[in-house]
2 protein chains.
Amino acid sequence: MAPEKEVTIYDIARYLNLSAATISRGLKDHPAINKKTKKKIIEAAKTLGYRSNMFASNLRTRQTKTIGVIIPRLNSYFMSTVIAGIESIANEEGYNLIISQSLESTEKEAANAITMFNSRVDGVLVSLASDTNNVNHFNAFLQKKIPIIYFDRTMATSDCMSISIDNFKAAFEITTHLIEQGCKRIMHLGGNITRNVYADRLAGYKAALKKAGLPVHENLIRFSNLSDEAGTEAGKYICSLTQKPDAVFAANDTCATYCMLYLKQHGYKIPTDIMFAGFNNDPISKVVEPNLTTINYPGYVMGQIAATNLINHLKGIADIGTTNIVILRSELIVRASSKK
Amino acid sequence: MAPEKEVTIYDIARYLNLSAATISRGLKDHPAINKKTKKKIIEAAKTLGYRSNMFASNLRTRQTKTIGVIIPRLNSYFMSTVIAGIESIANEEGYNLIISQSLESTEKEAANAITMFNSRVDGVLVSLASDTNNVNHFNAFLQKKIPIIYFDRTMATSDCMSISIDNFKAAFEITTHLIEQGCKRIMHLGGNITRNVYADRLAGYKAALKKAGLPVHENLIRFSNLSDEAGTEAGKYICSLTQKPDAVFAANDTCATYCMLYLKQHGYKIPTDIMFAGFNNDPISKVVEPNLTTINYPGYVMGQIAATNLINHLKGIADIGTTNIVILRSELIVRASSKK
DNA sequence: TTAAAAAATGCAACCGATTGCAAAAAAAAT
DNA sequence: ATTTTTTTTGCAATCGGTTGCATTTTTTAA
């Protein structure tokens, strides 16, 4: 509790009969310092048990070596995978991570942004809350030229770099796949379309229908928070329909899975009666029976790329301002839930 | 990139014709400052766009308002849930979180510990890597009286507070449950027994057998990293046995699930031929068919409790030194995989 | 041997908030 | 009106590392 006395560069300076300035330079490998002196300094630092005081350093250099991460929630497979990817790079590059969750609330997102701003993070990685429809609460960062990179849940209007997959294309492909399997009445379980990802998936779905000359039935498009309960609800809804769909494409695997489970319990045969497709390649997609056709979403890589870009920008290696959008490769994974 | 000029308390002082000391005190509601003056100060701070410089503050107060978290990996359901719980409390209390993963490597764990130490976190929450068998790499914290709380993967010898569930009891209960269902040859798929959690689960399993007067068959106890592959492997192993087990108790749900899936594919009927039980109450346990009997592990609450205890200690409200072990309530969840 | 150039080190002023103690101002008591 | 007490406010040192510029030392050139 009581702060212990720490060894400072002044202690080392006294110990070696040098100046603090020399110690400071020696410790960070400044070219103007004699190699032998450096060696002595480093050894002395070790024997005295010195550790750099980042606050003093930050105070002077106005850098924190810290990256802020704001995400809707931590405890989803996808998000924790992204964070793992971010962490792997940040750790390697000597950056710390400050993480906070918006819990899908724009207000909390804004509050977290302020906290991060006051913590003086060097840069921010953001995945937006589901109903965030403007990014004004990040203006403080922009004014101070603190770089922001949006990932996954991005904002179209934003003038920051954003990283995502081509949700339109992925949805288009997976829908087309269902059509190729002979499906004609494909239902879509979508998320909040304020969010680019869900809007794009919906658009891709519609485009695929259109291209195949199939009609878009509005009563076959349902929106929800894509939770397991929402999946079950969708199952009930399907049971209530007189004209059943012959396939379901859900915007995530959880919703698809629970919908499928409900229908199975009510006598439907998958994929014979209804085919299924999800999104994300969540672990449950490989467990549910039949295994779920889905889109592989490269979360880990996405995290790594986001972190790499941000850090390179901070190091002055590559400017973020020039690149606007990065699209990662996603991949259709066909499993038993959509095979004839 | 180029650091912008910031508003400091000196700017406010000049603006209001007061001293920096008064501003500093006014901003933090010091009792010696006149209420009207405080009001003026706060308003001025707002209009000037002031934000506190935490480095200057930290430099003086030797506190960082930051908590370090070291965990094996982020991208597991359980861990991300714990982190979510930690974050919820930390955020509320104005603490930042620095998170890093050891990826189950003791060396990386030690490296991360050093980084955190140098980042001067106020306290640390740790869940140990699977093969960590001593906690010497955390000595630096102890020497500087920086509090550590271990959670889930704890270390028996440690003189720090640790938070976990009663793994022995949980394993005992779930094994007993299987026995009550009529099982006599129960297999155990365990994890690395260097780790308390897995050692305790194994012990609980054995104790339950013993209590029921059942023999412990060493060839029915297998150790692995509890991954999905390990589960599949276990399935193969079972197929190769002449004397089959009539139940499997795995130390996590993933391993149980994949073992079960493998056996199902090879003609076994669950639970008729073999019953199954897992651990953790992972989402997949509710998806696999039949649903998996498991132990509900309160990750979110565990995270909250760990964070609360650490922060209370830091605030001087409650000393951590006196409490050694906190055991959370866990709960047997019986599902179809183990019902006659 | 001396002058010029290069290398190594030191000086001292920051960075911005905090805080013990002293001083000033305001309020209360005499 | 004067003294005592209580409130407010200010002074100035401090936290520890960084860095432009000056100074010293060493090396090279003349």
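Residues are numbered from 1 along each chain as its sequence is written, with chains lettered from A and ligands numbered from 1 in written order. In this predicted model local features need pLDDT of at least 70 and side-chain atom pairs pLDDT 80 or more, while totals for chains, interfaces and linings use all residues; side-chain values use heavy atoms, without hydrogens and water.

Me: How much area do chain A and chain B bury between them?
Reply: Buried area is the accessible area (1.4 Å probe) that two parts lose on being put together, summed over both. Carbon and sulfur atoms carry 55% of it. The total is about 5100 Å².

Me: Which residue of chain B forms a salt bridge with Arg120(A)?
Reply: A salt bridge puts a side-chain nitrogen of Lys or Arg within 4 Å of a carboxyl oxygen of Asp or Glu. The rule finds four across this interface. For Arg120(A), the closest N and O atoms are 3.7 Å apart. The partner is Glu6(B).

Me: How many residues surround DNA strand C?
Reply: Near means that a residue has a heavy atom within 4 Å of the strand. Among the closest are Thr22(A) and Arg60(B). The count is 28.
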